[in-house]
Amino acid sequence: MRVKPEQIAAHLARGLEPVYVVTGDEPLTVLETAQAIRDAAREAGVSERLVFDVDAKFDWNALGAAGASLSLFASRRLLDVRLPTGKPGREGGAALTRLAAETLTDDGDVLLLTLPKLEKSAQSSAWLRALERAGVVIPCWPVAAAELPTWLDRRMRASGLEPEPAAARALAGRIEGNLLAAVQEIEKLLLTRGAGPIGVDEIESLVADSARFDVFRLLDAAMAGHSARALRMVRSLRVEGAPLPVVAWALTKDVRLLYRLREALAAGGNLERLWREYRVWQSRKSLLERAMRRLTLDQWRRALHACARLDRMIKGVDERDPWAEVDRIVVLLAGAETRLLDAVG
């Protein structure tokens, strides 16, 4: 069974399932969903909780033994398993399958498995199918930009604030996608001015700009083709005093990688082999491939020249504004103005 995070409260009110799998790359939603399950388990009399943090040296037999043993303190227990890699491996997959099929259904224990967004291979794995048959899978996706104002409006009203229509949109612009920052800002608003109606002016004067404008998210936005968002991130990094050498290093590193990938692919290279050779994370493959194919090999070469020019600007050899050159490279990465490459030295 699959349940959305916003449905979990109503689901838990009907009783506990033997298995809960909370997966996704939105930290706040994963955290709150898992906590709701822990709270519901405690209210249902599952008073003992065993926590298992899975790493490379984790003994899956210990989890199986815990599931098979009797509790000394309670008739039911919560087996709280954290799997930060999202990959249990063959041994872990077998242990989770056995636990769901044999143990939990017999003794009333509850398994809570939290893990990041699953790769495609894991989504069709036997162990996940076994866990889903035995209980509930809750995928926690990031809130889309178009849905964020509505999400914030609900959250603010639940806390006691009464935002005017444009207030939630104003807050969304301040915290762009950072739900943890959103919750903190809502709590600060309540402490600062109390519950009740709130307008745009108060939002703009009281809420700090907590958007996730770090350089790595800037790169992801640019490579995804979101030029306007990436340029806004550049402005924020500049205002915040981000070190230009760090920004230049990150930009150059990814441009150089994309140039090498495009060059190897043009020469008949195998993309999967290239991913392994350059140690590209699975989560970035799709993004990098789209960005790589957006420009020709010659255009990527010229983008690399732009990074070299940025380096000269930072060192004072070229007296022009290096932040303007960062803007230029970001636009090129996004593919919004590829004709500008003709002007790159």
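User: What makes Lys253 count as a charge over the ring of Trp249?

Analyst: In this predicted model, the charged end of Lys253 lies 5.5 Å from the centre of the Trp249 ring and sits over that ring. The term requires NZ of Lys or CZ of Arg within 6 Å of the ring centre and within 35 degrees of the ring normal. Because the model is predicted, local features need pLDDT of at least 70 and side-chain atom pairs count only at pLDDT 80 or more, whereas totals for chains, interfaces and linings use all residues. Residues are numbered from 1 along each chain as its sequence is written, and side-chain values use heavy atoms, with hydrogens and water left out.

User: Why is the pair Phe52 and Phe58 called edge-to-face?

Analyst: Two aromatic pairs are found in the whole structure. In the pair of Phe52 and Phe58, the ring centres are 6.3 Å apart and the planes stand at 85 degrees, so the pair is edge-to-face. Rings of Phe, Tyr and Trp (its six-membered ring) pair if their centres lie within 6.5 Å; planes under 30 degrees apart count as stacked, over 60 as edge-to-face and the rest as tilted.

User: Why is the pair of Phe58 and Trp60 described by its ring planes as it is?

Analyst: With centres 5.0 Å apart and planes at 85 degrees, the rings of Phe58 and Trp60 are likewise edge-to-face.

User: Are Phe58 and Trp60 buried or exposed?

Analyst: Phe58 and Trp60 are both buried (under 20% relative accessible area; exposed is over 50%, partly exposed in between, with a 1.4 Å probe and protein chains only). Phe52 is buried as well.
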